[in-house]
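Good morning, and thank you for coming. I would like to take you through one protein model, with attention to its charged pairs.

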Amino acid sequence: MNSLTNPALTDETLRSLTEHWRSMGQGAAVPLRRNFEPMAIPFLLPDVCMIELTQPERRFRYRLIGTRIAEKAGFDATGCFLDELGCGTTITFVIKLLQRCVDLRQPVASLSSFGTGGRAYLVVRRVFLPLTLGRGAVDQILCGQTFDQNPQPMPSGREIDRSSPMYMDLAASSPDAEHEYFDL
């Protein structure tokens with residue numbers, strides 16, 4: 001599965017952010033944070049957040065959260081550690097994805113759906129893009145996140161090769177939520 005067929009990147013905002021991130025790399029596996037110029041993508045900023053990895057405890061903190069993300073979440077978590085925001089399955093899922101992005105030094109995309117009665121009332125697409133401050137290690141993660149609140153069938157029936165090593169289903173404890181991630 002490549003990024004063009006990735007279900008999480010069917011969203012134009014996330015695809016544009018991923019293409020921008022790739023252009024920042026100048027051939028490097030992990031682009032330098034200093035090469036990220038927010039004003040080059042002003043139309044994407046409401047759907048972008050910057051997450052930093054703190055050392056040595058390996059915790060993730062929101063450095064910046066886009067306005068649309070804060071609006072959908074109901075609050076602005078800028079400055080908060082993810083593990084302080086709750087212990088639910090979604091936070092656990094996101095932290096695992098961030099750890100994967102850091103450990104593999106490569107982008108990871110995810111698709112989560114929430115709903116009842118077989119209908120998705122909220123579909124959340126995310127892409128996590130690693131950045132380095134220059135020491136080679138992943139220090140920060142550029143994240144794009146979009147929401148679809150249109151009621152539709154739950155996306156679990158879509159065509160995905162679930163046997164692929166790029167696919168993993170991290171089912172939430174609730175039968176009304178589904179989380180998946182894809183390496184890009």
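**Salt bridges in a predicted model**

At 24% relative accessibility, Arg59 counts as partly exposed; here buried means under 20% relative accessible area, exposed means over 50%, and partly exposed lies in between, with a 1.4 Å probe and protein chains only. Residues are numbered from 1 along each chain as its sequence is written, and side-chain values use heavy atoms, with hydrogens and water left out.

The term pLDDT denotes the predictor's confidence in each residue, from 0 to 100. The protein chain averages 78, and 72% of the residues score at least 70. Over residues 154–177, however, the pLDDT is below 50. Where pLDDT is low, the predicted coordinates should not be read in detail.

Next, the overall layout. The protein chain has three helices and eight strands, where helices (H or I, at least four residues) and strands (E, at least two) are DSSP runs, numbered from the N terminus. Along the sequence, their order is α-β-β-α-α-β-β-β-β-β-β. Of the 184 residues, 47% count as buried.

How many salt bridges does the structure hold? There are eight, a salt bridge being a side-chain nitrogen of Lys or Arg within 4 Å of a carboxyl oxygen of Asp or Glu.

Let us return to Arg59. The side chains of Arg59 and Asp83 meet in a salt bridge, at 2.8 Å from N to O. Arg59 lies in strand 2 (residues 59–65) and Asp83 in the loop between helix 2 and helix 3 (89–104), so this pair ties together parts 24 residues apart in sequence. Asp83, at 41% relative accessibility, is partly exposed.

A second pair is Asp47 and Arg68, whose closest N and O atoms are 2.7 Å apart. This pair links distant parts of the chain, 21 residues apart: Asp47 is in the loop between helix 1 and strand 1 (48–54), and Arg68 is in helix 2 (residues 67–73). Is Asp47 buried or exposed? At 5% relative accessibility, Asp47 counts as buried, whereas Arg68 is partly exposed at 37%.

Arg15 and Glu12 also form a salt bridge, with closest N and O atoms 3.0 Å apart. Both belong to helix 1 (residues 12–24), and because they are three residues apart, about one helical turn separates them. Finally, Glu52, Arg61 and Arg63 are linked in a network of salt bridges.

Technical notes: This is a predicted model: local features need pLDDT of at least 70, side-chain atom pairs count only at pLDDT 80 or more; totals for chains, interfaces and linings use all residues. Contact means heavy atoms within 4.5 Å.
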